[in-house]
Amino acid sequence: MKTIFSGIQPSGILTLGNYLGAMKHFVPLQDEFNCFYCIVDQHAITVPQAPAVLRENIRRLAALYLAVGLDPEKVTLFIQSEVPAHAKLGWIMLCTSYLGELERMTQFKDKSDGRGESIPGGLLAYPPLMAADILLYDTDFVPVGEDQKQHLELTRDLATRFNSRYSEVFKIPEIRLPEAGARIMSLQEGTKKMSKSDSNQGGFISMLDDPDTITKKIKRAQTDSDSAVRYDKAEKPAVSNLMTIYSLCSGKTLEEIESMYEGKGYGAFKGDLAEVVVETLRPIQERYTQLVQTSELDDILTKGAEKASETANKVLHRVEKVMGMARLG
Ligand code: ATP
Ligand code: MG
């Protein structure tokens, strides 16, 4: 059976972008693959996090993973910091990387922008840790959004570099991008992707937003200058983004949506879009509420960390051995 690995940061509450670009696709994969899904808290701390908020976001993320339909009997769900092999291999992958290639990462550039002399070192070391996350499970496929493409390419480069320097210990993973929704944009700034750590709350819809908030955010969402509901990514990026969300949440094609709103303008379109999004999130939110305070959630995470450690420790040992670190015998 082929293996899947994917991680999400508890750096806020998940957005509709995280759902449509990543999490939604995890569910059908659980029947076909050996899936490892991770709450990457060590990535979240690459920028400062308030302890109480981080603790809550970890729990919320764990509950959301299950609420979208992942079955803990089928997948391994775990918290990155509970499997020490991640930090250990992360260091090794950092030592395998070059400063130049890390500085070229667009996420590093975006997230360090405006921080002057105080750019956290963790932001630079983020991609090698992500490489470690993936490589520890002999991963075949990594389902992620488009923003992670560059990090995935670096992961492949680092694994290939390591393999040729020592011996073929790493499997080279492949990215799996969704056909649509790989890059949902901010509702307020059409050039920025939707992000859960965005300080502008109006830019994203959180998976836990209530119906009123969702409706308000969609009503206030940026549109383009004319009033036609037409898909044109270059000329009408804001409306095209809203149409993509509509399509993915309703199952209707972009053409169907265009003809439904021909001559009707943005008002009717946005009203219906709000309803479609609310109905998409409603069952997830209901399951989430039932799960989030249960001890069952803790049991699942404890078992997940044990299971993940078994595989991860074997791969780590293999790596340390070829490097001359693990004692033989
Ligand atoms: P942060 O702002 O803290 O980086 P984020 O919203 O970018 O948060 P991540 O935890 O970094 O979320 O990414 C989790 C997953 O969601 C990844 O697979 C990523 O590619 C995907 N993803 C993130 N943003 C979007 C988006 N706007 N559209 C589609 N997929 C996305
Ligand atoms: Mg991100």
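User: In which hand does α4 pass α13?

Analyst: Happy to start there. This is a predicted model, in which local features need pLDDT of at least 70, side-chain atom pairs count only at pLDDT 80 or more, and totals for chains, interfaces and linings use all residues. Residues are numbered from 1 along each chain as its sequence is written, chains are lettered from A and ligands numbered from 1 in the order in which they are written, and side-chain values use heavy atoms, with hydrogens and water left out. A crossing is left-handed if the near helix is turned anticlockwise from the far one by less than a right angle, and right-handed if clockwise. Here α4 passes α13 in a left-handed crossing. The contact (heavy atoms within 4.5 Å) is made by Ala85, Lys88, Leu89 and Ile92 of α4 with Ala312, Asn313, Leu316, Val319, Glu320 and Met323 of α13.

User: At what angle do α4 and α13 pack, and how far apart are their axes?

Analyst: Two packed helices are described by the angle between their axes and the distance between the axes. Axes are lines fitted to C-alpha atoms, for helices over the stretch in contact, with angles running from 0 to 180 degrees between N-to-C directions. Helices (H or I, at least four residues) and strands (E, at least two) are DSSP runs, numbered from the N terminus. For α4 (residues 85–96) and α13 (residues 295–323), the angle is about 30° and the axes are 10 Å apart. Angles under 35 degrees count as roughly parallel, over 145 as roughly antiparallel, 65 to 115 as roughly perpendicular and the rest as oblique. The pair α4 and α13 is therefore roughly parallel.

User: And how do α3 and α12 pack?

Analyst: Their angle is about 125°, with the axes 8 Å apart. That makes α3 oblique to α12, and the crossing is right-handed. In α3, Arg60, Ala63, Leu64, Leu66 and Ala67 meet Ile284, Arg287, Tyr288 and Leu291 of α12.

User: Is alanine 63 buried or exposed?

Analyst: Buried means under 20% relative accessible area, exposed over 50%, partly exposed in between (1.4 Å probe, protein chains only). Alanine 63, in helix α3 (residues 51–67), has 0% relative accessibility and so counts as buried. Leaving out residues up to four places away in sequence, alanine 63 touches Tyr288, Leu291, Val292 and Leu297. The C-alpha atoms of alanine 63 and leucine 291 are separated by 5.9 Å, although the two are 228 residues apart along the chain.

User: Which residues of α9 are buried?

Analyst: An α-helix has 3.6 residues a turn, so residues three or four places apart point the same way. In α9 (residues 211–219), Ile214, Lys217 and Ile218 are buried. Seen down the axis of α9, these buried residues fall within an arc of 95° (taken from the directions from the helix axis to the C-beta atoms), so they line one face of the helix. They pack against α12 (265–291), while Asp212 and Lys219 on the other side of α9 are exposed.

User: With which side chain does the side chain of serine 11 make a polar contact?

Analyst: A polar contact is a pair of N or O atoms within 3.5 Å; within protein, one must be able to donate a hydrogen and the other to accept it, and residues adjacent in sequence count only if both atoms are side-chain atoms. For serine 11, the partner is the side chain of lysine 196, at 3.0 Å. Serine 11 sits in the loop between β1 (3–8) and α1 (16–29) and, at 16% relative accessibility, counts as buried.
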